[in-house]
Amino acid sequence: MELLSLFITSVMPVIKVLLVLAIGLFLATESVDLLGPNARHHLNNLVFYVFLPALIGCSIAKTSTVKTLETLWFMPVNIFISCIIGSVLGCILVKITKTPPCLKGLVIACSSAANLGNMLNIILPALCEETNSPFGDSSTCSTYGESYALLSLAMQAIYVWSILYSIMRTSANSIVKENAEILSETLAEPLLVSHGISEDNIYHVDLPDEGNQRMSTFGKMKQCFMTTIRSKSLKMIFAPSTIAAIVGVIVGIVSPFRKALVVDSAPFHVIYSSIEFIGTGTR
């Protein structure tokens, strides 16, 4: 009976999520067309830039203290270990299935990322509301479980855009380079024959004067720094969810901010409550 009760408890949150997904799928059909392509685009932007950062910032600010931060060391360690295991399994899968070169990076990245993402934020609230939840009291489960899930979501953004994006970009660049070399060789052969150019002189290029190309160490460092700042991957690492997590941690651990915003009797608690109310649109 205990096993059956645990099975029902674990299945009910999944059923709730599937029912919500079914309603969304119905609203997105052409006959209803309430969630068409334009509506989905604007809704995704609203969730990404407004609802999710508000939920992450408020949840982390409510539960973050110096003591709780000391106990969160396992989260980045677990994400790093799952990254390594997932990457190894992805490489094995690529070798076994003989994945096409254009899909190798995607397969490894998807295997490495596993279930990192919004899934925990969807499942946990439904799971915590169950009477026989294995995570204890529903209020404690919702508060701390949601905070951990959202913090892992913010860490996931850093992980995806720093490691997985590099894996996929490296794979894509190698394929583009190979295709470019094949195309250049294919086009160069008839040109060499028609113009009588020898293969020894095909790669002869007049290099510019090295004296004009020299750059100071400070100039190179500045150029490298500006390139990194303007890179798309760095902008995506500091996504709104990551920035909201950083702000939430600061508000939670800095006592004056916490007493001014988070505590029920805080003078500016109405601001915190308003942001928290906006964040409920993510659920």
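Ile-85 is partly exposed, with a relative accessible area of 47%; buried means under 20% relative accessible area, exposed over 50% and partly exposed in between, with a 1.4 Å probe and protein chains only. The model is a predicted one, in which local features need pLDDT of at least 70 and side-chain atom pairs count only at pLDDT 80 or more, while totals for chains, interfaces and linings use all residues. Residues are numbered from 1 along each chain as its sequence is written, and side-chain values use heavy atoms, leaving out hydrogens and water.

**Overall architecture**

- The protein has 13 helices and zero strands; helices (H or I, at least four residues) and strands (E, at least two) are DSSP runs, numbered from the N terminus.
- Of the 283 residues in the protein, 27% are buried.
- Among contacts between residues at least 6 apart in sequence, 72% join residues at least 24 apart, where contact means heavy atoms within 4.5 Å.

**Nonpolar surface patch**

- Ile-85 lies in helix H4, which spans residues 74–97.
- Ile-85 also belongs to a nonpolar surface patch of about 1100 Å², whose members include Trp-73, Phe-74, Phe-80, Leu-89 and Ile-96.
- Patches are made of residues with over 30% relative accessible area and no salt bridge; nonpolar side chains (Val, Leu, Ile, Met, Phe, Trp, Tyr) are joined within 5 Å, and like charges within 9 Å.

**Salt bridge**

- The count comes to one salt bridge, defined as a side-chain nitrogen of Lys or Arg within 4 Å of a carboxyl oxygen of Asp or Glu.
- This salt bridge joins the side chains of Glu-276 and Lys-62, at 2.9 Å from N to O.
- Glu-276 lies in helix H13 (residues 269–279) and Lys-62 in helix H2 (residues 37–63), so the pair ties together parts that are 214 residues apart in sequence.
- Glu-276 is partly exposed at 27% relative accessibility, and Lys-62 is likewise partly exposed, at 36%.

**Aromatic pair**

- The count comes to one aromatic pair; rings of Phe, Tyr and Trp (its six-membered ring) pair if their centres lie within 6.5 Å, and planes under 30 degrees apart count as stacked, over 60 as edge-to-face and the rest as tilted.
- Phe-48 and Tyr-49 form this pair edge-to-face, 4.9 Å centre to centre with 90° between the planes.
- Phe-48 is partly exposed at 30% relative accessible area, whereas Tyr-49 counts as exposed at 52%.

Terms used: Areas by Shrake-Rupley, 256 points an atom, 1.4 Å probe, with all protein chains shown as cover.
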